[in-house]
Amino acid sequence: MPPTPPDAGSTVFFKLTIDGLNLGLFNGCDGLSSQVEIEQHQEGGNNGFVWQLPTRVVFPTIRLTRPLTSETARVAAWISSISTGITRPTAQIAALRADGSVVAQWGLVEVLPVSWTGPTLDASRPAVATETLEIAHHGFTDAGGV
């Protein structure tokens with residue numbers, strides 16, 4: 001099946017690839033960040049400052065959202081594969097312009113699907129049927145260049 005062309009109404013799309021498998025385009029991406037946890041150490045006799053020592057880097061989960069598409073089945077297959085054994089593949093998220101050119105991209109180490117939320121179907125409140133995929137990872141890696 002040919003890839004779904006980007007919607008001209010959106011300025012940036014996010015393409016998710018897991019070990020080379022394209023899981024499609026998403027129009028929302030939240031959680032691309034890292035934080036260094038700091039331990040404070042007060043040194044006796046040094047009243048000018050408190051030492052700020054790095055301990056570990058923490059990576060929050062990443063949430064990708066989009067309207068339901070035919071690519072939703074690929075996401076479901078990836079999540080279902082967890083029941084046969086956990087593998088933690090490498091992933092790539094690429095931010096694309098509407099013309100398909102790459103703005104930026106991020107490589108993710110040891111990705112694991114955390115949750116998937118499908119649409120709320122309510123005939124009395126019509127809206128676009130959306131899905132949300134949440135993934136955990138162990139950090140960033142080379143995304144292969146832009």
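Biologist: Leaving aside residues up to four places away in sequence, which residues does Val12 touch?

Modeller: Val12 touches Asn27, Ala95 and Leu96, where a contact means heavy atoms within 4.5 Å. Keep in mind that this is a predicted model: local features need pLDDT of at least 70, side-chain atom pairs count only at pLDDT 80 or more, and totals for chains, interfaces and linings use all residues. Residues are numbered from 1 along each chain as its sequence is written, and side-chain values use heavy atoms, with hydrogens and water left out.

Biologist: How far is Val12 from Arg74, C-alpha to C-alpha?

Modeller: Their C-alpha atoms are separated by 21 Å, and the two residues sit 62 residues apart along the chain.

Biologist: Is Val12 buried, partly exposed or exposed?

Modeller: Here you compare relative accessible area: buried is under 20%, exposed is over 50%, and partly exposed is in between (1.4 Å probe, protein chains only). Val12 has 29%, so call it partly exposed. Across the protein chain, 27% of the 146 residues count as buried.

Biologist: Which strand does Val12 lie in, and how many of that strand's residues are buried?

Modeller: Helices (H or I, at least four residues) and strands (E, at least two) are DSSP runs, numbered from the N terminus. Val12 lies in strand 1. That strand is mostly covered, with five of its seven residues buried.

Biologist: How do I read the pairing of strand 1 and strand 7?

Modeller: Strands of a sheet pair through backbone hydrogen bonds, either parallel or antiparallel. As a cut-off, two strands pair if DSSP finds at least two bridges between them. Strand 1 (residues 12–18) and strand 7 (residues 91–97) have seven bridges and pair antiparallel.

Biologist: What is the order of the five strands in the open sheet?

Modeller: Read it as 2-1-7-8-11, with antiparallel pairing. Strand 2 (21–26) and strand 11 (140–141) each have a single partner strand, so one side of each has no neighbour in the sheet.

Biologist: Which residues of helix 1 are buried?

Modeller: Thr72, Val75 and Trp78 are buried there. To see how they sit, look down the axis and take the arc of the directions from the helix axis to the C-beta atoms. The buried residues fall within an arc of 120°, so they line one face of helix 1. Their cover includes strand 1, strand 2, strand 6 (62–67), strand 9 (112–117) and strand 10 (130–136).

Biologist: Zooming out, how many helices and strands are in the protein chain?

Modeller: You'll find one helix and 11 strands. Starting from the N terminus, the elements run β-β-β-β-β-β-α-β-β-β-β-β. The radius of gyration is 19 Å, well over the 15 Å the globule rule gives for 146 residues, so the protein chain is more spread out than a compact globule. That radius is taken over C-alpha atoms, and the rule is 2.2 Å times the number of residues to the power 0.38.

Biologist: What box do the C-alpha atoms of the protein chain fill?

Modeller: Roughly 70 × 35 × 35 Å, taken along the principal axes. As for contacts with a separation of 6 or more, 63% of them join residues 24 or more positions apart.
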